Protein chains: 2
Amino acid sequence: MIVCKFGGTSLADIEQIKKVAAIVRGNPERKFIVVSAPGKRSSEDKKITDLLLIASNQDKKLEDRLEALRVFGSRFSDIVAGLDVPVDVPHFVSEIERMIEKMAYADAIVSRGEYLMAKILAAHLDFPFVDAVSFVRFDEHGRYSETRTALEAFNKIRFFDRAVIPGFYGADGRGVIHTFPRGGSDLTGAIVAQFVEAKLYENWTDANGVYAVDPRIIADAPTIQRLSYKELRELTYSGATVFHEEAMFPVMKAGIPIHVRNTHEPENIGTLVSPSENVADADDSHPVTGIAGRKDFLVLAIEKMQMNSEVGYVRRIASVLERHRISFEHMPSGIDSVSIIIEVAKIRTDGRKVGELVAHLVKDLQEDCNPDSIQTFENIALVSTVGKAMRSTPGIAARLFGALARERINVRLIIQGSSEISIIIGVLNSDYEAAIRAIYKEFFS
Amino acid sequence: MIVCKFGGTSLADIEQIKKVAAIVRGNPERKFIVVSAPGKRSSEDKKITDLLLIASNQDKKLEDRLEALRVFGSRFSDIVAGLDVPVDVPHFVSEIERMIEKMAYADAIVSRGEYLMAKILAAHLDFPFVDAVSFVRFDEHGRYSETRTALEAFNKIRFFDRAVIPGFYGADGRGVIHTFPRGGSDLTGAIVAQFVEAKLYENWTDANGVYAVDPRIIADAPTIQRLSYKELRELTYSGATVFHEEAMFPVMKAGIPIHVRNTHEPENIGTLVSPSENVADADDSHPVTGIAGRKDFLVLAIEKMQMNSEVGYVRRIASVLERHRISFEHMPSGIDSVSIIIEVAKIRTDGRKVGELVAHLVKDLQEDCNPDSIQTFENIALVSTVGKAMRSTPGIAARLFGALARERINVRLIIQGSSEISIIIGVLNSDYEAAIRAIYKEFFS
């Protein structure tokens, strides 16, 4: 049995939805269908969820909120008319209007795009509709609860042999609706796949799979046909954006392969992500699976003579960071020195300036750890070159650094742990794109 | 003013001692002379200190101890006779005999080689003799105390305009003698240089300076003419053995250059170690200053999904290591993984087996940190390629990894922090020598 998740652009208009229906009908194994709200039909268009974000925003003028709701209703009315399904959109819109009048909390309103889309697709496919609130459980703090979901899923969804389910949201024990972060329909799909024990999780998008490199940097970026969970995790963590990062965890836990496919080109082979770390799968002529990265890291370089002979020195540094609630990405060390690599976007500023927070952190590190020096390096980008065959293929590092050297790119730091399937390098933000192009050229041209 | 330290082979026999005297007299700035005990005259010979280690060892048979003392006396008698200095060796030997009878503690006896050598050289040079017990201070736990030494040095040694001083030992406040670890005369020399505010610390050995690479691996290993404190520190830390590691700290603190020279070839330029990290000093055609390394590291590879998003995860790992009193050298990380690199020789076993201690550590890491997996990799060697010009010279990493790839050496881990002047790689112990040869060939041939 296969769980399919269709993203917003796959459901943006009648033609797309008909393609989706054809895909579902094309394989009787496709029994559980998770949907996003309709996305943009063109680059000027608005996503349904963005309209609902306006409609639910109590800081906006009421007329703007109602206008957004009107556009919402008009788009869904067109869809319902085109598909000829018995769904009463005007009634549904007036229900949301009442929610707005009653000052309903935002999540309840924002979730209505997925809800209505699932209703419509269920009617069109003649599948049962199962609301996500009936089994996707959040705790009272609004955090997804796997344990409670497992219980509800067992009681509810397992009695259905097929269903269309809205993505993106669930509810707590009192029935209050909570949404996942944007892109969360991927997660709903993975949760469904986990609890119906699917043999495959198909994630239908508007791309031919997971790109080997950011297509904004490499115009004709290829997609990857096969990769392992771990490779996907490294690529998404490092910046590849096709897949909502946390969405993998439920299926990874269950060992279910993920097939990323293109609704517009269902004949394309897509990207198959499997649990196997078996290097035999890898193509020797392409030891690098993909390249990803992110800009804007901050590096604190701490020097202290004989640091390593002091048991507990790194623990003291880590304790100061923990007290400041700063998570760090890496901690490469030299002799008598250690670098703390912090992603600037992950620093919780609570309205204060990053510079002040870092200055405060440095001051505390100086007091608690008494280093010989602390230097701060800003504007560092990390680039991760990923491939499970890298471990067993000598010479990857040589090619990687050779490619960077030929482009005169100065590598500021290098990290590769012992069980790693990637080499992470640090370069200046300004060298980021050039570094990715150089690595791409070396391994993919 | 220059402080000179002469090592054991520089003082092994009359001819050597005459060379030393000529060197001291060759420059009137050489005012404070620190000596080791005489070393081996040939490879079959015994060092004076090794004889005293036997003589002081209460587990040995008394006749063997007295025989070692007899050889000790005979060697010094020859020296005194050859130099024609008024030192009463038989009287001195009978004093040590009484120490043995009175079950004196070992350090008191072991230190007598340096003591007597300093007496003899002082007489030969007609310099005052100043005993190290008068200013090199240990605390009651037998640890060197810089603060107390500063005070005593100020009261004592600064009243002399020149002196010969025995290396290797000092005393606590009650006059009880303590020795430094083997090679500690380097440290005594550095302490003297620090407190007499020398402009230069000359360390006279039996080599033409600091080797760029281990001469046991590269037969015609060159020496380095100039290097920075930090480069020397990286090389000695990573395994280069010319210099007792901690011996640098007093002179580094004081910013005094170290000149490593060869007693047998005083005309050789030797190695000048200076505080300057100025890259302009470096030779662009030789961006790598030296290569060093050590075998027998243990790597614990810890994997945990979303490790980096857990504030405090590394702190928890570091706390477990601290509780086990295990110091680690590096902690390179990937996505969802971190490797702990531990030098096996530094694990304090207290009679237990390393394997058991590591198993216990892994068990505690599992309980406290709840990782997805922990793998142990043994027999890892670290090789450090050092050069202060590396930071500013693109392409070093490319050449380094290219050289390793051509020799089909699999690089298991890579570490280079952001302010580093070295790249550290991990290879299998069995690839250690081949890795060093490959890197040497690339950068020095």
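**Figure 1. The area buried between chain A and chain B is about 5200 Å².** Carbon and sulfur atoms give 57% of that area. The model shown is predicted. On the chain A side, 61 residues are in contact with chain B, where the number of contacting residues is also 61.

**Figure 2. Six salt bridges are found by the rule across the interface of chain A and chain B.** Sorted by class, the residues of chain A that touch chain B comprise 27 nonpolar, 20 polar and 14 charged ones. The rule also finds ten residue pairs in polar contact across this interface, with both residues at pLDDT 80 or more.

**Figure 3. A salt bridge links A:Glu322 and B:Arg315.** The closest N and O atoms of A:Glu322 and B:Arg315 are 2.5 Å apart. A:Glu322 is the partner from chain A, and B:Arg315 the partner from chain B.

**Figure 4. Strand E13 of chain A pairs with strand E13 of chain B.** Each of these strands covers residues 413-416 of its chain, and the two run antiparallel. Three bridges join them. Opposite A:Gln416 stands B:Ile414, in E13 of chain B.

**Figure 5. Chain A is divided into two domains.** Domain 1 consists of residues 2-207 together with 242-277, and domain 2 of residues 290-444. Taken over C-alpha atoms, the centres of domain 1 and domain 2 of chain A are separated by 37 Å.

Notes. Residues numbered from 1 in each chain as written. Chains lettered and ligands numbered in written order. Predicted model: local features only at pLDDT ≥ 70, side-chain atom pairs only at ≥ 80, totals over all residues. Heavy atoms only, no water. Domains from an automatic or database assignment. Contact = heavy atoms within 4.5 Å. Buried area = accessible area lost by both parts, 1.4 Å probe. Salt bridge = Lys/Arg side-chain N within 4 Å of Asp/Glu carboxyl O. Polar contact = N/O pair within 3.5 Å; in protein donor to acceptor, adjacent residues only side chain to side chain. Nonpolar A, V, L, I, M, F, W, Y, C, P; charged D, E, K, R; others polar. Pairing = 2+ DSSP bridges. Helix = DSSP H or I, 4+ residues; strand = E, 2+ residues; numbered from the N terminus.
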